[in-house]
Amino acid sequence: MSSETGLIQLFSQHFPIIYEYRQMFFFGVLATIGIAAIATFFGVILGLCNALIRVIKIEKGNAVTRGILWLLQQCSRLYVTFFRGTPLFVQILVWYFVWSPILVHPQHGLLIDGDLARQLRQNYGALIAGVLALSVNSGAYITEIFRSGIKSIDRGQMEAARSLGLSYGQAMRYIILPQTVRRMLGPLGNEFITLLKDSSLLAVIAVPELAYAAKSAAGRFSTMEEPYYFISLIYLLLTIVLAWFFARLEKKYNTDGNR
């Protein structure tokens with residue numbers, strides 16, 4: 001008997017639940033990382049757009065343009081206030097039971113209807129609602145990360161860029177935002193880790209991620225210790241590895257140029 005076979009038998013004898021659900025736990029880890037990555041990606045897009053709306057200045061514009069900008073800024077503030085001020089757990093339930101059926105419905109979906117909506121809701125309804133909930137919630141926090149990062153750049157750099165003939169948009173694109181992104185690596189890494197752990201809340205709507213795998217195993221064997229201790233260890237290991245990775249990344253690209 002090879003050492004590999006012996007290890008498998010030893011594992012199956014001492015951790016039978018984990019061994020039997022090993023594939024579900026494995027794909028649960030992949031789903032957890034994937035959901036967190038997708039939510040962070042869309043959260044960055046939402047956060048950048050909202051942050052630019054909050055900090056943009058119109059130097060040449062009529063009353064209508066300024067009024068539209070003011071309205072957008074108020075909507076952005078309302079968005080950030082609502083999604084930062086309400087529990088993510090509640091947001092997930094609202095997305096799944098209220099907003100998602102409004103957007104995707106076989107008969108009267110605002111975005112998607114017909115057979116495609118029916119297939120999406122049957123096969124991916126919970127996943128879509130979960131990713132939307134995490135993305136929109138993340139976008140609210142990343143908005144403040146971007147806004148704080150932009151505000152932290154010295155005003156003299158914008159003034160110097162404008163004196164060289166760059167427009168406000170060009171100065172923001174080529175001078176301000178690149179420095180902002182470098183300063184945001186740490187906070188964005190923390191946000192990704194937070195989403196990785198918060199994705200466990202999606203188990204309540206049956207998204208097949210890591211926590212749902214533990215819930216399924218615990219329900220079948222009527223025992224809680226082994227599956228939940230196991231996923232706690234996995235979350236801890238993922239958090240430690242990701243924290244180390246983002247710390248190295250932040251050190252490599254820090255604004256002071258130190259190594």
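**Labels and the values behind them**

Author: Let's start with serine 222, which counts as exposed at 66% relative accessibility. Bear in mind that this is a predicted model.

Reader: What makes 66% enough for serine 222 to count as exposed?

Author: Exposed means over 50% relative accessible area. Serine 222 has 66%, so it counts as exposed. Serine 222 sits in the loop between H9 and H10.

Reader: Why is alanine 206 called partly exposed?

Author: Alanine 206 has a relative accessible area of 40%, so partly exposed is the label. Serine 167 gets that label with 33%. Serine 167 belongs to the loop between helix H7 (155-163) and helix H8 (168-198).

Reader: How far is serine 167 from asparagine 62?

Author: Their C-alpha atoms are separated by 18 Å, and along the chain they are 105 residues apart.

Reader: On to charges. How do you know that arginine 220 and glutamate 20 form a salt bridge?

Author: The cut-off is a side-chain nitrogen of Lys or Arg within 4 Å of a carboxyl oxygen of Asp or Glu. The closest N and O atoms of arginine 220 and glutamate 20 are 2.5 Å apart, so the pair forms a salt bridge. Arginine 220 lies in helix H9 and glutamate 20 in helix H2 (residues 16-20), so this pair ties together parts that are 200 residues apart in sequence. Arginine 220 counts as exposed at 53% relative accessibility, while glutamate 20, at 40%, counts as partly exposed.

Reader: How many salt bridges does a search of the whole structure find?

Author: Four. Another of them joins the side chains of glutamate 144 and arginine 54, at 3.5 Å from N to O. Glutamate 144 is in helix H6 and arginine 54 in helix H3, so this pair ties together parts 90 residues apart in sequence. There's a network here too: Arg54, Glu144 and Arg147 are linked by salt bridges.

Reader: Why are glutamate 144 and arginine 54 called buried?

Author: Buried means under 20% relative accessible area. Glutamate 144 is at 14%, so it counts as buried. Arginine 54 is at 17%, so buried is its label as well.

Reader: What separates arginine 118 from aspartate 115 in helix H6?

Author: About one helical turn, because they are three residues apart in that helix. Their side chains meet in a salt bridge, 2.8 Å from N to O. Arginine 118 counts as partly exposed at 36% relative accessibility, and aspartate 115 counts as exposed at 54%.

Reader: Now the helices. Why are H3 and H6 called oblique to each other?

Author: Angles under 35 degrees count as roughly parallel, over 145 as roughly antiparallel, 65 to 115 as roughly perpendicular, and the rest as oblique. H3 and H6 pack at about 45 degrees, with their axes 5 Å apart. That angle falls in the rest, so the two are oblique. The crossing of H3 and H6 is right-handed.

Reader: What about helix H3 (residues 22-55) and helix H10 (residues 225-252)?

Author: Their axes come within 12 Å and cross at roughly 40 degrees. That makes H3 oblique to H10. This crossing is right-handed.

Reader: And what makes H4 and H6 oblique?

Author: The axes of helix H4 (residues 63-85) and H6 come within 9 Å and cross at roughly 120 degrees. The roughly perpendicular range stops at 115 and roughly antiparallel begins over 145, so oblique is the word for H4 and H6. The crossing of H4 and H6 is left-handed.

Reader: Last one: which residues make the nonpolar surface patch?

Author: Phe97, Val98, Ile102, Leu110 and Leu111 make it, and it covers about 540 Å². Take leucine 110, in the loop between helix H5 (88-103) and helix H6 (114-152). Its relative accessible area is 65%, so leucine 110 is exposed.

Methods. Residues numbered from 1 in each chain as written. Predicted model: local features only at pLDDT ≥ 70, side-chain atom pairs only at ≥ 80, totals over all residues. Heavy atoms only, no water. Patch = residues over 30% accessible without salt bridge, like charges linked within 9 Å, V, L, I, M, F, W, Y side chains within 5 Å. Areas by Shrake-Rupley, 256 points an atom, 1.4 Å probe, with all protein chains shown as cover. Helix = DSSP H or I, 4+ residues; strand = E, 2+ residues; numbered from the N terminus. Buried < 20%, exposed > 50% of the residue type's maximum accessible area, 1.4 Å probe, protein only. Axes fitted to C-alpha atoms, helices over the stretch in contact; angles between N-to-C directions. Left-handed = near helix turned anticlockwise from the far one by under 90°.
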